[in-house]
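Subject: Structure handover

Dear colleague,

The structure I promised is below, followed by notes on what was found in it. Please read the notes with the model open.

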Amino acid sequence: KVNHTGLVEVPMGTTLREIVYDIGGGVPGGKKLKAIQTGGPAGGCLPAKWLDTPVDFDSLMASGSIMGSGGMIVMDESDCMVDIAKFFLTFSQDESCGKCTPCREGTKRMLEILERITTGRGVPEDIDKLKRLGNLMKKTSLCGLGRAASNPVLSTITHYLDEYEAHVNHKRCPSHKCSSLVSYDIDIEACTGCTMCAKKCPANCISGERKKLHVIDQDQCIKCGHCYTVCRFDAVIRT
């Protein structure tokens, strides 16, 4: 999520800030930078406050990430860091050759826990389980994939623990990315009865006559977000 994406070559020691803002042109749409993930799918996610970290092997390793393949992914304030961790771990779990138990079983169990958390079934013990499994994989896996696969999870827990706790304790996704933890309702003051939300709802769960208040059937809602997207009067509330 930068204005100028692509392949760039920079000297060792160039800071993340220089790459993201001077070369990448900053984050589009006026949104705030939230995190930078370096090193490919097994790299760690670094918070925006670490923008002045130099890009070199030692500095990135000390920060909890890696140089890896040289890849860099920029995320903005609309990204959910728990969902991001799950995305990268899905790749590593699929890539695991299965030869060693820590990687084969560790990636599978960590992914199961993240699935629970992002669908509102997480429990407080899950966060400690993720940390314990992740550190065990780093110490005992046979190859670099297994030793680095938990980096996205461990780094996001370190820097964005509040998001994990919101998912687990309050069953809420602060970034509104995890659909199971998002709900939609209609503001009785703002709704004009234009019927646009009802027309675009794939679940046919919105009822109401033209120029009258519309209502969302919460039991039937599939939380796709179409009503929120098409409403021109900001009458659909997302929580």
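**Nonpolar cores**

The largest nonpolar core contains 20 residues, and Leu114, Ile117, Leu130, Val153 and Tyr164 have the most contacts inside it. A nonpolar core here is a set of buried Ala, Val, Leu, Ile, Met, Phe, Trp, Tyr and Cys residues joined through side-chain atoms within 4.5 Å. Buried means under 20% relative accessible area, exposed means over 50%, and partly exposed is in between (1.4 Å probe, protein chains only). At least two residues of this core come from each of helix 3 (81–95), helix 4 (101–118), helix 5 (125–140), helix 7 (151–159) and helix 8 (161–169). Helix 4 gives the largest share, five residues. A second, separate core has 14 residues, among them Ile186, Cys197, Ile206 and Cys231.

Ile117 has contacts (heavy atoms within 4.5 Å) with Val82, Gly122, Asp126, Leu130, Tyr164, His167, Val168 and Leu181, leaving aside neighbours within four places in sequence.

**Basis and overall figures**

This is a predicted model, in which local features need pLDDT of at least 70 and side-chain atom pairs count only at pLDDT 80 or more, while totals for chains, interfaces and linings use all residues. Residues are numbered from 1 along each chain as its sequence is written, and side-chain values use heavy atoms, with hydrogens and water left out.

The protein has ten helices and seven strands; these are DSSP runs numbered from the N terminus, helices being H or I of at least four residues and strands E of at least two. Of its 239 residues, 43% are buried. The C-alpha trace spans about 60 × 40 × 25 Å along its principal axes. Among contacts with a separation of 6 or more, 62% are between residues 24 or more positions apart.

**Buried sites**

Helix 7 is largely enclosed by the rest of the structure, because seven of its nine residues are buried. The buried residues in helix 7 are Asn151, Pro152, Val153, Leu154, Ser155, Thr156 and Ile157.

Pro152 is also one of the contacts of Gln37, a residue of strand 1 (residues 33–38). Gln37 is buried, with a relative accessible area of 1%. A polar atom of the Gln37 side chain lies 2.6 Å from the backbone oxygen of Gly40.

Thr107 is in helix 4 and, at 0% relative accessibility, counts as buried. The Thr107 side chain reaches the backbone oxygen of Cys103 at 2.6 Å. Not counting residues up to four places away in sequence, Thr107 touches Leu89, Gln93, Ser96, Pro102, Met137 and Ala149. Thr107 and Leu89 are 18 residues apart in sequence, with their C-alpha atoms 6.9 Å apart.

**Salt bridges**

How many salt bridges are there? With a salt bridge taken as a side-chain nitrogen of Lys or Arg within 4 Å of a carboxyl oxygen of Asp or Glu, the count is twelve.

In the salt bridge between Asp79 and Lys1, the closest N and O atoms are 3.1 Å apart. This pair links distant parts of the chain, 78 residues apart: Asp79 is in the loop between strand 3 (72–76) and helix 3, and Lys1 is in the segment before helix 1 (16–23). Asp79 is buried at 9% relative accessible area, whereas Lys1 is partly exposed at 38%.

Arg109 and Glu105 also form a salt bridge, with the closest N and O atoms 3.3 Å apart. They are separated by about one helical turn, because they are four residues apart in helix 4. Arg109 is partly exposed at 36%, and so is Glu105 at 28%. Arg104, Glu105, Arg109 and Glu112 are linked in a network of salt bridges.

Lys223 lies in the loop between strand 6 (215–216) and helix 10 (226–230) and is partly exposed at 28% relative accessibility. Asp234 lies in the loop between helix 10 and strand 7 (236–238) and is exposed, with a relative accessible area of 67%.

Regards

Technical notes:
Polar contact = N/O pair within 3.5 Å; in protein donor to acceptor, adjacent residues only side chain to side chain.
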